[in-house]
Amino acid sequence: MAGQAQVSAEQARLEFGKFLVAQRERRGLSRSDLVRVTKLPSLLVGAIEDGETEKWPERVFVVNALKSYAGAVGLSVDETLSRFDGLPDAPKDSSFDPK
């Protein structure tokens, strides 16, 4: 059962990354173009697009990167962050308790 949860979380990260890549490519931007426009580190953009959470920094940095990414490709920031927060293993803000 735990293996299924891991596969689901991994699949969700990969799908999120594929969504971002598709949106970027739809706008005719390469990964290099996006890095140049947003000034985000190439390794971070790659880690987000490739679903490599072990390479993600703290949540605040990922959220800010996603805001820049969304703005550069014309996505809704709110929708992008909602998709990110919907990932089963998305890093949570430890100072925020929605209860």
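**Helix burial and packing in the predicted model**

Helix H3, which spans residues 42-49, is mostly covered, since six of its eight residues are buried. The structure described here is a predicted model. The buried residues of H3 are Leu44, Val45, Gly46, Ala47, Ile48 and Glu49. After H3 comes glycine 51, and the phi angle of this glycine is positive, with a value near 70°.

The arrangement of two other helices was then examined. Two packed helices are described by the angle between their axes and by the distance between those axes. For helix H2 (residues 31-38) and helix H4 (residues 59-73), the axes come within 10 Å and cross at roughly 110°. Because angles of 65 to 115 degrees count as roughly perpendicular, H2 is described as roughly perpendicular to H4. The crossing in which H2 passes H4 is right-handed. On the H2 side the contact is made by Leu34, Val37 and Thr38, while H4 contributes Ser68, Tyr69, Ala72 and Val73. Sorted by class, this contact of H2 with H4 comprises five nonpolar residues and two polar residues, with no charged residues.

A polar atom of the threonine 80 side chain lies 2.8 Å from the backbone oxygen of serine 76. When neighbours within four places in sequence are left aside, threonine 80 is in contact with Phe16, Leu20, Leu66, Ala70 and Leu75.

Notes. Residues numbered from 1 in each chain as written. Predicted model: local features only at pLDDT ≥ 70, side-chain atom pairs only at ≥ 80, totals over all residues. Heavy atoms only, no water. Axes fitted to C-alpha atoms, helices over the stretch in contact; angles between N-to-C directions. Helix = DSSP H or I, 4+ residues; strand = E, 2+ residues; numbered from the N terminus. Parallel < 35°, antiparallel > 145°, perpendicular 65-115°, else oblique. Left-handed = near helix turned anticlockwise from the far one by under 90°. Contact = heavy atoms within 4.5 Å. Nonpolar A, V, L, I, M, F, W, Y, C, P; charged D, E, K, R; others polar. Polar contact = N/O pair within 3.5 Å; in protein donor to acceptor, adjacent residues only side chain to side chain. Buried < 20%, exposed > 50% of the residue type's maximum accessible area, 1.4 Å probe, protein only.
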